[in-house]
Every structure is written in C-alpha cells, then in structure tokens.
Amino acid sequence: MGVRSWIEGWPVYRQLTGTDPLGRGAAAKSAGSRALTARTEDADSVARSVCPYCAVGCGQRVFVKDGQVSQIEGDPDSPISRGRLCPKGSASKSLVTSPLRQTKVRYRRPY
C-alpha cells in the first residue's frame, strides 16, 4: 500500500476533498462500516405479536430466520407503544429461545 492510497483512505482527506464537508455521509464510512448489515435484514419472515409480560399490550415484530426467532423488536405501527419496549419486552427473545425453557407439559398428581 502506497502513501497516496493510504492518504486517500483517510476519512479527513475524503471529507476535505469530497462532496461531504461535514463528514456525516460517505466520507465517514470505512470499508468495515460499509460491510455492516442489520440483524433483521436477512430474516425470512416477520410476525406481529404482543408482549407477554404486562397487560399493556405493546406490539412486537418477531423476525424469523430458518424457522428460529432471530430478533424481537418493538412494532412502530403499534398505537400503544409506537415501537418502544420496556426492558422486559426487549429481552423477550431470551424467553423464547432459552435452553432452560420448558417444552413439555409437566403434570403433578393431586395429593
């Protein structure tokens, strides 16, 4: 790598010589940040649900990839929560995907 290519890869140089003088757009992006993608971008389907914790009924969007829940976020279309979730609602993915979750009905005989 030569000095010229090193300087052209420098964000300040791109900011001063390019069309982004404030450094908020393309000048600030590195090769690593261009390669980043959202966790929800590669989901196969999105299901709408309701938070199971309290009686408020906040809306959730459940992202599914390969038959497994990959991410749970607040639903911005929900008139109740408008896309926000409490800490318990934000952690509801662990409620669904925990290895300690009971998957069979447990029966206890009376007496």
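How many salt bridges does the count come to in this structure? The model is predicted, and in it the count comes to 3 salt bridges.

## Domains and sheet

The protein is divided into domain 1, residues 3–35, and domain 2, residues 45–90. Taken over C-alpha atoms, the centres of domain 1 and domain 2 are separated by 37 Å.

Three strands, in the order β1-β2-β3, form an open sheet with antiparallel pairing. Strands β1 and β3 stand at the edges and have a single partner strand each, so one side of each is left without a neighbour in the sheet. From one strand to the next, the twist averages 30 degrees.

Strands β2 and β3 pair in the antiparallel sense over 6 bridges. Two positions show how the strands face each other. V64 stands opposite V69 in β3, and V62 stands opposite I72 in β3. The two strands β2 and β3 form a hairpin with 2 residues between them. In the turn, D66 has a positive phi of about 55 degrees.

In a regular strand the side chains alternate between the two faces of the sheet.

Is Q71 buried or exposed? Q71 has its place in strand β3, and with a relative accessibility of 12% it counts as buried; the cut-off for buried is under 20%. Leaving aside residues up to four places away in sequence, Q71 touches R39, T40, R61, V62, F63 and K93.

## The salt bridges

Side chains of opposite charge can pair when their charged atoms come close.

| Pair | Distance, N to O |
|---|---|
| K65 and D42 | 2.9 Å |
| R48 and D75 | 2.7 Å |
| R61 and E73 | 3.8 Å |

The side chains of K65 and D42 meet in a salt bridge. K65 lies in strand β2 (residues 59–65), and D42 is in the loop between α3 (31–34) and β1 (45–50), so this pair ties together parts that are 23 residues apart in sequence. K65 is partly exposed at 33% relative accessibility, and D42 is partly exposed with a relative accessible area of 42%.

A second salt bridge joins the side chains of R48 and D75. R48 lies in strand β1 and D75 in the loop between β3 (68–74) and α4 (87–90), so the parts tied together are 27 residues apart in sequence.

R61 forms a salt bridge with E73, and their closest N and O atoms are 3.8 Å apart. R61 lies in strand β2 and E73 in strand β3, so the pair ties together parts that are 12 residues apart in sequence. R61 is partly exposed, with a relative accessible area of 27%, and E73 is partly exposed, with a value of 27%. R61 is also one of the residues that Q71 touches.

## Summary

In this predicted model, the sheet has the strand order β1-β2-β3, and β2 and β3 form a hairpin. The salt-bridge count comes to 3, and one of these bridges, R61 with E73, ties strand β2 to strand β3.

Conventions
Residues numbered from 1 in each chain as written. Predicted model: local features only at pLDDT ≥ 70, side-chain atom pairs only at ≥ 80, totals over all residues. Heavy atoms only, no water. Salt bridge = Lys/Arg side-chain N within 4 Å of Asp/Glu carboxyl O. Helix = DSSP H or I, 4+ residues; strand = E, 2+ residues; numbered from the N terminus. Buried < 20%, exposed > 50% of the residue type's maximum accessible area, 1.4 Å probe, protein only. Domains from an automatic or database assignment. Pairing = 2+ DSSP bridges. Axes fitted to C-alpha atoms, helices over the stretch in contact; angles between N-to-C directions. Contact = heavy atoms within 4.5 Å.
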